[in-house]
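Here is a short report on one protein chain. Look at the sequence and the 3D view, then read on.

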Amino acid sequence: MRPLKQRQIISLHLEVLENVRQKLESLDKSIRGVIEKGEKWLNEDDNVQTFVQMNQMIVDENSRCLRTCRDIANEKEETDPTNKDEGLNTEISETKPDLTSTVKGSVEYDTRRVSVEEVSTEMSSMKDFIQTTERNYSTLSEQLETLTKSLSKKIKSLKKRNTEQDNKMEEMVRRQSVSETRTDSKFDDVMSELHTASEFIKYQTDMLSEKVKKCEECNETILKEHKILESNLKLNVDNLTKQIQSCQESTTNISTSVTQNKSSMESTLEKLKKKCTYIGDKIIQFSNDLDEMSTEMIEQKSNNTGGCFCVGTGNIIAQDVKQDKIGTLFKFPFNLDATQNHYDTSTGTYTTPYDGLFLVTLMIENNFVGAVQIHVVTKDSSEVDYVRGICKADSGATACTFFPLTLKRHERLFLKGHVDYKHLVLGPNTIFSCILISKM
């Protein structure tokens, strides 16, 4: 059986080694946990801890590891096997005199010698184990130092990345602020424009309401006047009918009186024959004068009607017309002779036969839903259009314009719309005319 003192020494060594192993295992487990958290944070798998928290945790773990290694080294010095070996050797050396003095038998001495050799062998193995442990500790320290450097580099990289991210965040915040400022400015401009448009629409709506109200009042007035005209027309027709009947009765009475007075007037007829003879002479003279006047009028007509025309459109119902084709609607002769071939109804163009001063008239009866505006245009040999006059009629109204116009021979006179019209509706009183005032 081993001596109690030796057993205690060996047990103490084993407890120290077990304590070192447990501390190293705990330290390795803690280091692995910190490395795993750091790698997760680098791979952005951990969104809980911030950079400051992660940095502080790694620094604290490095300090704790170094402090634990230092504590293990201090405990190792306190429990150095060399010191224990010296105590053990001292104890063995102390026991040797006792053994030699007390034990006489060689067999008993040899047995104890064998026991001391076994203890020395075990102590050598313990020293080897402790040296191995020291080498492992040195390797662990190197690994910790390498890990610390790697973590320092990663921390620096993280600090640099964090600085870049902070700069990017500041730039993004600045851009967002500028964008918000611009957006707010644009929003204010849009709201201002919308407010202005709303006010304008409100003003236009009020103005249109007033115009509609006035139109309704005008329509009521026109209807009333129409009814009054119809009633007056009926009264006039009745009065005319009565007057015609009265005239017929008077004629009958006159015929009766003439028959009755025929005999009395026969004597008077003889007297009248003489007077009739005188009147006949006068009539012959008047007839001659009238023939002369007729001849002069015919000459005047032949000289002037070639420079005259008057055409109308008739009823135009929902017809699409281009602005340069609106003159073709005026193709029905009206009042004046238009057979001189100077006005072409197919094109609506009048070609002046000679130089002169003309009176041009344009009247529009507008039954269209919108306003109608027609220009009186002339074109000379330069093929340039000259607007000479404008006639504009609002919806449901009739408008007229007339003006003197000097035209040269072969100069063309025609009409042109202000725009193209769809579903144009014109009344029968739409007339275009040109009358010669004097030749030049």
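## Ground rules

A residue is called buried under 20% relative accessible area, exposed over 50%, and partly exposed in between (1.4 Å probe, protein chains only). The model is predicted: local features need pLDDT of at least 70, side-chain atom pairs count only at pLDDT 80 or more, and totals for chains, interfaces and linings use all residues. Residues are numbered from 1 along each chain as its sequence is written, and side-chain values use heavy atoms, with hydrogens and water left out.

## The whole chain

The protein chain has 4 helices and 12 strands. Helices (H or I, at least four residues) and strands (E, at least two) are DSSP runs, numbered from the N terminus. The chain holds 440 residues, and 23% of them count as buried.

Now take contacts, meaning heavy atoms within 4.5 Å. Among those with a separation of 6 or more, 76% link residues 24 or more positions apart.

Two strands pair if DSSP finds at least two bridges between them. An open sheet has 5 strands in the order β4-β5-β10-β7-β8, with antiparallel pairing. β4 (343–344) and β8 stand at the edges with a single partner strand each, so one side of each has no neighbour in the sheet.

Strand β7 covers residues 372–379. How many bridges pair it with β8 (residues 385–393)? There are 8, in the antiparallel sense. In β8, Ala393 is the bridge partner of Val372, and Cys391 is the bridge partner of Ile374. β7 also pairs with β10 (residues 412–417), again antiparallel, over 6 bridges. There, Val376 has Leu415 as its bridge partner.

## Inside β7

Is β7 mostly covered or mostly open? It is mostly covered: 8 of its 8 residues are buried. In a regular strand the side chains alternate between the two faces of the sheet. In β7, Val372, Ile374, Val376 and Thr378 point one way. Gln373, His375, Val377 and Lys379 point the other way.

Lys379 belongs to β7. Lys379 counts as buried because its relative accessibility is 18%. Leaving out residues up to four places away in sequence, Lys379 touches Val384, Asp385, Glu411, Arg412 and Phe414. Its side chain also makes a polar contact with the side chain of Asp385, at 3.4 Å. A polar contact is a pair of N or O atoms within 3.5 Å; within protein, one must be able to donate a hydrogen and the other to accept it, and residues adjacent in sequence count only if both atoms are side-chain atoms.

## The hairpin loop

The hairpin of β7 and β8 has 5 residues between the strands, and Glu383 takes a positive phi near 60 degrees there. Glu383 has a relative accessible area of 48%, so it is partly exposed. Glu383 and Arg412 are 29 residues apart along the chain, yet their C-alpha atoms are separated by 9.7 Å. Their side chains are joined by a polar contact of 2.7 Å.

## Salt bridges

A salt bridge is a side-chain nitrogen of Lys or Arg within 4 Å of a carboxyl oxygen of Asp or Glu. By this rule there are 14. Helix α1 (residues 4–42) holds both Arg21 and Glu18, 3 residues apart, about one turn of the helix. They form a salt bridge, with the closest N and O atoms 2.2 Å apart. Arg32 and Asp28 also lie in α1, 4 residues apart. Their salt bridge is 2.8 Å, N to O.

Another salt bridge joins Lys322 and Asp420 (4.0 Å, N to O). Lys322 lies in the loop between β2 (316–321) and β3 (332–333), and Asp420 in the loop between β10 and β11 (421–426), so the pair ties together parts 98 residues apart in sequence. Lys322 is exposed because its relative accessible area is 53%. Asp420, at 42%, is partly exposed. One network of salt bridges that share partners joins Lys379, Glu383, Asp385, Arg412 and Lys416.
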